[in-house]
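Here are my notes on the structure you asked about, as numbered points. Keep the 3D view open while you read, and find each piece as it comes up.

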Amino acid sequence: MKLLVTGGAGFIGSNFVHYMLREHPEDTIINVDSLTYAGNLENLHAAAQQPNYQFARIDITDRSALRSIFEQGIEVVVNFAAESHVDRSILEPDVFVRTNVLGTQTLLDLSKEFGIEKFVQVSTDEVYGTLGDTGLFTELTPLAANSPYSASKAGADLLVRAYHETFGLPVNITRCSNNYGPYQFPEKLIPLMIQNALAGQSLPVYGDGLNVRDWLYVEDHCSAIDLVIRKGENGEVYNIGGNNERNNLQVVRTILKELNKPESLIAFVKDRPGHDRRYAIDATKIREQLGWLPKYNYETGIVETIRWYLSNHEWMERVKSGSYIKYYEKQYGEH
Ligand code: NAD
Ligand code: TDX
């Protein structure tokens, strides 16, 4: 199988590339990524040694550059490429609409033209908006996005649905809860807090710190997407979640405890505007219909993740300084 993976130099995408090369060495992966601030080829050192892996620096809104990739005979598209950080979407929504909506539509158009066998849109539980103290998001929960980020992801989801309904494109949409694990950019809660705690800096907790997220180890997300590619029924949406609800203060306290740092580092700061209170996923459909089973337990997964950041301290330093971008320009020239 020849797969086009977009956004494969980011957090989940790079974990997915590693997962697929390990689990399906017979497949070929072409990774297309424009290498924004969040894309890091250093995450893919091991993959770059494999003969069945290729990388191309392309923006997913660049139709003619993408066409040259589709001409290589792509069978499956998995679209991870996105602007992914909610706080950035509040400061600068334009690029979210461009990449997340227009980029997805460009990929859909080419997928239709080239008659691909499967298009998987990697979406998020944030398109459903927020929950109160009880209840879970199912695939039938109405879309009620609250941030420019989630609105742009919801827009993309509707386009994916429309290309199935109107043109018969074989699509699936996956909606996953918060991921944690190696290679996450240190703007997101867990790596940011680890990084600040190690530096002895304060840990900025938004509002009262009681917002709840449903945490899933990134490799369990990857195995779910793999199943959807192979067994997903065309046109269907699959929710993916780990059944691991924690409020932000609980997550931060676990990090401080594991790093032996004092809770006095916690600083309550101004809340995120439009901050969703609680996310929680009902993953019954993917479990029962596709046989998905998450492998990782949150209590051990979070500790392993903290240790990964500890032993990859230099990775974090290079990401923060952006020096991997300078390395890339030197190695391959400016694009
Ligand atoms: P990330 O920000 O770490 O990575 C995004 C990648 O996309 C980067 O490599 C970046 O360079 C690339 N990219 C951005 N704009 C591009 C463009 N115009 N053309 C080509 N490449 C571009 O994001 P992530 O956390 O790995 O998330 C991946 C996907 O999963 C996103 O679609 C996100 O919405 C979704 N998602 C993330 C989570 C989570 O917890 N992180 C949860 C559910 C869904
Ligand atoms: O400094 C912080 N302080 C803080 O209290 C940051 C960065 C976050 N938070 C809170 C906000 C959220 O309640 O922690 C929670 C998690 O925040 P993020 O890591 O920014 O993730 P979230 O907004 O939940 O979105 C994530 O999960 C769904 C991903 O970034 C999205 O791409 C994905 O779709």
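1. Start with the inventory: the protein has 13 helices and 13 strands. Do keep in mind that this is a predicted model.

2. Next, the overall dimensions. The C-alpha trace spans about 55 × 50 × 35 Å along its principal axes. How does the radius of gyration fit with a compact globule? For 335 residues, such a globule would come out near 20 Å, and the protein has 19 Å, so the two agree. Of the 335 residues, 45% count as buried. Look at the contacts too: among those with a separation of 6 or more, 82% are between residues 24 or more positions apart.

3. Now find the sheet. Seven strands make up an open sheet, and you can read across it in the order β3-β2-β1-β4-β5-β6-β11, with parallel pairing. The edge strands are β3 (53-56) and β11 (237-240), each of which pairs on one side only. If you ignore direction, neighbouring strands here are turned by 20° against each other on average. As for what holds strands side by side, strands of a sheet pair through backbone hydrogen bonds, either parallel or antiparallel.

4. β2 and β3 pair in the parallel sense over four bridges, and the bridge partner of I29 in β3 is Y53. Which residues of β3 sit on the covered face, and which on the uncovered one? Y53 and F55 are on the covered face, whereas Q54 and A56 are on the uncovered one.

5. Then move along to another pair of strands. β5 (residues 118-124) and β6 (residues 171-176) pair in the parallel sense over six bridges. To see how they line up, find V120, which stands opposite N172 in β6. Helix α6 (residues 148-167) packs on the sheet, where it touches β5 and β6. The direction of α6 makes about 155° with that of β5.

6. Helix α1 deserves a look as well. This helix covers residues 11-23 and lies across β1 (2-6), β2 (28-32) and β3. Its angle to β2 is about 170°.

7. On to ligand 1. There are 30 residues around ligand 1, and G7, G10, A38, G39 and A82 come nearest. Which elements each supply at least two residues of this shell? They are α1, α5 (94-114) and β5. The most comes from α1, with three residues. Sorted by class, the shell around ligand 1 has 12 nonpolar, 14 polar and four charged residues.

8. Ligand 2 is surrounded by 16 residues, of which S84, T124, K188, L189 and Y206 are the closest. Two elements give two or more residues to this shell, namely α7 (189-199) and β8 (203-206). With three residues, β8 gives the most. The shell around ligand 2 has six nonpolar, six polar and four charged residues.

9. Two residues have backbone angles worth checking. Most residues other than glycine have a negative phi, and most peptide bonds are trans. L35 has a phi near 55°, a positive value in a residue other than glycine. You'll find L35 in the loop between β2 and α2 (45-48). Is L35 buried or partly exposed? It has 19 other C-beta atoms within 10 Å and the cut-off for buried is 20 or more, so L35 counts as partly exposed. N243 also has a positive phi, near 60°, and its place is in the loop between β11 and β12 (245-247). N243 is partly exposed, with 15 other C-beta atoms within 10 Å.

10. Last stop: E236. Where is E236? Look in the loop between α8 (218-231) and β11. E236 has 17 C-beta neighbours inside 10 Å, so this residue counts as partly exposed.

How values were computed
Residues are numbered from 1 along each chain as its sequence is written. Chains are lettered from A and ligands numbered from 1 in the order in which they are written. This is a predicted model: local features need pLDDT of at least 70, side-chain atom pairs count only at pLDDT 80 or more; totals for chains, interfaces and linings use all residues. A residue is near a molecule or strand if its C-beta atom, placed from the backbone, lies within 6 Å of it. Ala, Val, Leu, Ile, Met, Phe, Trp, Tyr, Cys and Pro count as nonpolar, Asp, Glu, Lys and Arg as charged, and the others, Gly among them, as polar. Two strands pair if DSSP finds at least two bridges between them. Axes are lines fitted to C-alpha atoms, for helices over the stretch in contact, and angles run from 0 to 180 degrees between N-to-C directions. Two residues are in contact if their C-beta atoms, placed from the backbone, lie within 7 Å. The radius of gyration is taken over C-alpha atoms; the globule rule is 2.2 Å times the number of residues to the power 0.38. A residue is buried if 20 or more other C-beta atoms lie within 10 Å of its own, exposed if 12 or fewer, and partly exposed in between; C-beta atoms are placed from the backbone.
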